[in-house]
Amino acid sequence: MNKMIMAADFWSGDKFREYLDIVLKWFMTVGKNILIALIVLIVGSKLIKWFVKHLSNSFKKTKMEPIVAKFLVSLIKFALYFIIAIVIIGLLGIPTTSFIAALSAAGLTVGLALQGSLSNFAGGVLILLFKPFKIGDYIKEDSHGNEGTVTGIDLFYTKILTVDNKTIVVPNGTLANASLTNYTSEQKRRIDIKVGISYDSDIKLAKDVLTGVIERNESVLKDEEITVYVDALADSHITIGTRVWALTDDYWTTRWALLESFKEALDANGIEIPFNQLSVTVKEPSRKELPDT
């Protein structure tokens, strides 16, 4: 009975009004901020999901690599949620300056620890974005001389298959920060072959013979310029240069066929291809130099 009287006194007395004032003040300050923070979180999350969905669909309509598109979507999504988190922290009365400073320090520490990996990661993103080469291209990186056909491009490493069937894993940081040669990026390539003939040979005849060989080769692109010229007057021979064009896929077979046909045609027409020769003279000792027996 006494408890009921005390409870009635509490609800009807000054104590209740005092506690009610405290609750109202808390709600008007902290509670209001919490409510606004919840609204920002809910509305912001829905807007981010809508934006990310439309951004992902836009990337699918472009020629961007799927792995790059997925990475960019994740990065933008993370950045937007990070902004919302900073806004909510500010609404709750937590000092954002010290929070951002601590986060920056932690990020700097992690960045220094993972410097090499981050360099490879950034290189992979640049390669996938700007596409200096793609899977199936034959490349040569100039820093270490590794060359072969690209079989895989990841965010950190690129795999190259050599002509003798060895797989080379090259860090993307190396490929992004050094020069490289892409031999198969274009549909056609020029073939330069130089042949030496003796000074006794007929230059005009040699040029006609080489031109005939080129014109009979079916892999040579006849709609491109064909050039046969005197390249140099060397110490022991005259250098005849040839320039023709072939499809990139036919480059090596065309080059090998031309080299073989050049030799056969020059031999058939009596045109000598000089080569280095070594003459050895053996001097016999005179009778005076012979030992006594």
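Let's start with Lys263 and Asp267, which form a salt bridge whose closest N and O atoms sit 2.3 Å apart. Both residues belong to helix α8 and are four residues apart, about one turn of the helix. Lys263 is partly exposed, at 41% relative accessible area, and Asp267 is partly exposed too, at 41%. Keep in mind as you look around that this is a predicted model.

How many salt bridges does a search of the whole structure find? It turns up eight. Take the one between Lys188 and Glu224, where the closest N and O atoms are 2.3 Å apart. Here Lys188 is part of strand β6, while Glu224 sits in the loop between α7 and β7, so the bridge ties together parts that are 36 residues apart in sequence. On relative accessible area, Lys188 comes out at 35%, which makes it partly exposed. Glu224 is also partly exposed, at 22%.

Strand β6 turns up again in the next pair. The side chains of Lys194 and Asp231 meet in a salt bridge, with 3.4 Å from N to O. Since Lys194 lies in strand β6 and Asp231 in strand β7, this pair ties together parts that are 37 residues apart in sequence. Is Lys194 buried or exposed? With 53% relative accessibility, Lys194 counts as exposed, because the cut-off for that label is over 50%.

Now for the nonpolar side chains. In soluble globular proteins, such side chains tend to be buried together. In this model, the largest nonpolar core has 21 residues, and the ones with the most contacts inside it are Ile214, Leu258 and Phe262. Which elements give two or more residues to this core? They are β6 (188-197), α7 (203-216), β8 (238-247) and α8 (251-268).

Leaving aside residues up to four places away in sequence, Phe262 touches Ile193, Val195, Leu210, Val213, Ile214 and Thr242. One of these, Ile214, is itself listed with Phe262 among the residues with the most contacts inside the core. There is also another core lying apart from the largest one; this other core has 11 residues, including Ile127, Leu128, Phe133 and Val170.

Next, move to helix α2, which covers residues 14-61 and includes Leu55. At 16% relative accessibility, Leu55 counts as buried, because that label applies under 20%. If you follow the chain on to Ile76, 21 residues apart from Leu55, the C-alpha atoms of the two are separated by 9.6 Å.

Finally, have a look at the largest pocket, which holds about 270 Å³ of space. Its lining is made up of Gly136, Tyr138, Glu147, Tyr183, Thr184, Arg189, Thr248, Asp249, Asp250, Tyr251 and Trp252. What kinds of residues are these? The lining divides into four nonpolar, three polar and four charged residues.

Note on methods:
Residues are numbered from 1 along each chain as its sequence is written. This is a predicted model: local features need pLDDT of at least 70, side-chain atom pairs count only at pLDDT 80 or more; totals for chains, interfaces and linings use all residues. Side-chain values use heavy atoms; hydrogens and water are left out. A nonpolar core is a set of buried Ala, Val, Leu, Ile, Met, Phe, Trp, Tyr and Cys residues joined through side-chain atoms within 4.5 Å. Buried means under 20% relative accessible area, exposed over 50%, partly exposed in between (1.4 Å probe, protein chains only). Contact means heavy atoms within 4.5 Å. A salt bridge is a side-chain nitrogen of Lys or Arg within 4 Å of a carboxyl oxygen of Asp or Glu. On a 1 Å grid over the protein atoms alone, a cavity is a set of points where a 1.4 Å probe fits but cannot get out, and a pocket is an open set with protein on both sides within 12 Å along at least five of seven lines; lining residues have an atom within 4 Å of a point. Grid points are joined across faces, edges and corners, and a volume is the space filled by probe spheres set on the points. Ala, Val, Leu, Ile, Met, Phe, Trp, Tyr, Cys and Pro count as nonpolar, Asp, Glu, Lys and Arg as charged, and the others, Gly among them, as polar.
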